Structures are given as C-alpha cells and as structure tokens.
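Hello,

Here is the structure I promised to pass on. Have a look at it first, and then read my notes below.

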Amino acid sequence: MNSADFADRLPASGASPVTRRSFLQATGGLAAGAGLLSPSSLHAAESKPKKVRVGIVGGRFGLGFQFHEHPLCEVTGVAELRPERLEALSKTYKCETKYDSLEAMLAQAKDMDAVAIFTPAPDHVRHSVAALNAGKHVLCAVPAAMNLEECEELIETVKRTGLSFMMAETSYWQQSTISARQMYQEGKFGNLIYCESEYQHDGLDSLFHENGKRTWRYGFPPMNYPTHCTAHYVGVTGERLTEVMCQGWGDDSPSLKDNAYNNPFWNESAMFKTESGLAFNVRVWWKGAHRGGERAEWIGDKMSFYGHTPNGQGPVIIRSGQQTEKDDAGFVRSLPAFEQYQIPEFWKTDMLPAPLRHGSGHEGSHPFITNEFIDAVANNRRPAVDVYEAVAFTAPGIVAHQSALKGGEQLKVPNFGRAS
C-alpha cells in the first residue's frame, strides 16, 4: 500500500482528532516503520489479555515511564547497581522486589515476562541478549547497538528466541512525528523530496563524570547516537537509508583526546541517501552556540511540514499554490501558502489507555513507548519499533561516524531487512 491510498481513508485536516481506533481502522495496520497496530491486535486488546509482568533495569532514564499505570502491566521487579537509584526505582514503580543487578534479576525472576533495559549504551546489546536468552521480551533504550556486528547479533538472537525486542526511541512518538507520519500516510506531502533532522544538545559534558569517574558518555561519538534523528525519516516513511557522507568537528577538549571510542568529534553532520533516492540531512551536535532540541522538517512537492525550531518559531505548514510573486530580481516565482500548525496532543486521545493520558518528557513520547511495548507483548504482536526498525535507526549512524573518521568518504549502509 502506498501513501496515496490513504487520502480518502483518514480524516481531512480540521476533522475530528485521530484516535487510536480510527487510525487503526483507517490504515488496516501498516508495514514496519508505520507504527500502527493491526486490526487483529486491536481485537485481541478488546479480549483483555493477561497482564505482562515486567522488570525495570536502570534508575536514571528508567524512572520516566508509566509501567505501573498501565492496565495490562504489573511491575514485578526493579534492578540497579547503585543503591540510591534502586530505591528510586522501587518508589517510582511501587515495587518492593529489588535486585542489585540485571544478572540477579534474570537468574531469580523466573515468572517475569519482559525486561525494560535503561542501562549505559555500550551495554545494550549484551544486556538485551542476556534477557532474550533468559526468555524475556525486551524494551531497550537507544541506541540499539554500538557496531554493525552487534546489530547482526541482536537480530539473530531475536529470530532464534522468537521473542520481542523494541527500542524506546522517543522521536518516533513525538507529537510532531506522529503528525508527520499521519500526513505522509494521507499523501499530503505529495512526493516527499527532502528531509532534515537535528539533535542539538550542548552541555552533555556535564554527564561525563559521576562520583569522580568517567561515565560511558565521556567522548561518545555523536553519530553513534543517531536515532533521535533517523526516526524522523525512517519512522515516518518506513524506508531504509542506503548511503552516507559525514563530516565531523572537534576541538582540543580532553574528552576528545583520550576516550574509549577514539572519537575526535563533538558534532557530526551527515547527508544520507534514502531508498527512494532522497537526500536526508542529519546533524547531531553536542557543542556550540546553538539552542538544543530534537526537530525535523519534511519537504514535499505539494506540502511541507516544518517542526518547531529551537529559536521560538512554532510548527508551520507550507502548501504549494497557484499564486505567484516577483522576487527581488524581477523574476516570477510561485508563492506557497504559509500557515501555523497546532500540533495535536495525541496523548490526550484514546491512542493511549486512560491512565496513561498525561504529558511526559520528550514531547509526550514516554506513555506511547510504555503502551506500545506492553500492548505488543500482551497481544503477541510485533511492536512498531521492532528489532529491524531499531537497527534501521541505529546502523546508519554507525556508518556515518566511520565516514567522518575517513574525512567524509561516501559509504554504503547495510540493509538488515524487515520483519516478514
């Protein structure tokens, strides 16, 4: 099914807000990358499946989710190496069953169905594989892997175990990204001709040390953390990224001279080629006089959508039209219509269970991540950001960093496939 097929199946702009049910009924369930449930999974949800028993690992980012509020979830254990963070997990999720490590949880919690892993990025594949091998479904923080070999290992483990893996990518569930995905599926862009995304986060060096020791973030390569950007294209269109050229920038900071990754860059800027031949510009910048944020813009030949900018301009839509104007040289050019766009608060709709309909960090994405994982496990269906999509978000950045290390050499991005 292509995007044009959606034009008369979803509500037009200005119609009633899209709900989870209407979205599902209109689309009939899309292929990987679309982020929608199938009619069969909706029917299964209505039959009230048993609760998912989940363990939460990692007491920093892991504190920001709503598993204890989900009607289909029971938090049956929490794990963390640091005692103070373990106590915070226990309090947040109202769970008194505590473990001092993931390994202890996996060894002792035999009746646990799933594990949500929010541990340091270099440990993600090792921890995910251990949990999968222990018979647990896995939700894991970003990025999915550190290198292409780990991408392959993760996919093979999921295939061998038959269990679910989902990546907790926030940009996929931002309210602006849900809007862009809806626009794409409705065919409103016409032909999408360009996309760009930026993740700007000056000041991350404040997280480089903890208790006098270096953390995993010390000198971490920017493009090894690409998913906040790649989700804006891959997660909207379902396409894969096929080639990349990337340039990096660094300075004389100690963290760029001596780090575990041999990374010399604060900022990396990449130009990707997509499956359909488009240019996708990605910037992951961690230093400089710029405002922070995660945003994107999607440019089409009929309509374009510019997400909010860090400098205060709200989301806007540009529509092609018949009117014209003269530029300052006297040449006639088209004059597209410009309009402000009010991003719907999808988290207030029945796209989420009632207890999860509240705001959260990362533009309202956390309840969606919580719900998508629990609902997918409860109904035995593939989550939207499954292992193939997770790798499709992650692997392009790994290759982009290698391109930057080679002075901007154009490199092929491997395609790890899609769920069958």
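Below is what turned up in the strands and the cysteines. Please keep in mind that this is a predicted model.

Let's begin with strand 2, which spans residues 73–79. Most of strand 2 is covered, with six of its seven residues buried. Strand 2 has a parallel partner in strand 1 (residues 52–57), and six bridges link the pair. If you want a place to look, find Gly 55, which sits opposite Gly 77 of strand 2.

Strand 2 also pairs with strand 3 (residues 98–99), again in the parallel sense, through two bridges. Here Ala 79 faces Tyr 99 of strand 3. To get from strand 2 to strand 3, the chain passes through helix 3 (residues 83–93), making a β-α-β crossover that is right-handed.

Now the cysteines. How many disulfides are there? The count is zero, taking a disulfide as a pair of cysteine sulfur atoms within 2.5 Å. As a reminder, a disulfide is a covalent bond that joins the sulfur atoms of two cysteines.

Is Cys 195 buried or exposed? Cys 195 is buried, because its relative accessible area is 0% and buried means under 20%. Cys 73 counts as buried too, at 5% relative accessibility.

Key
Residues numbered from 1 in each chain as written. Predicted model: local features only at pLDDT ≥ 70, side-chain atom pairs only at ≥ 80, totals over all residues. Heavy atoms only, no water. Buried < 20%, exposed > 50% of the residue type's maximum accessible area, 1.4 Å probe, protein only. Helix = DSSP H or I, 4+ residues; strand = E, 2+ residues; numbered from the N terminus. Pairing = 2+ DSSP bridges. Right-handed = clockwise from strand over helix to strand, strands pointing away.
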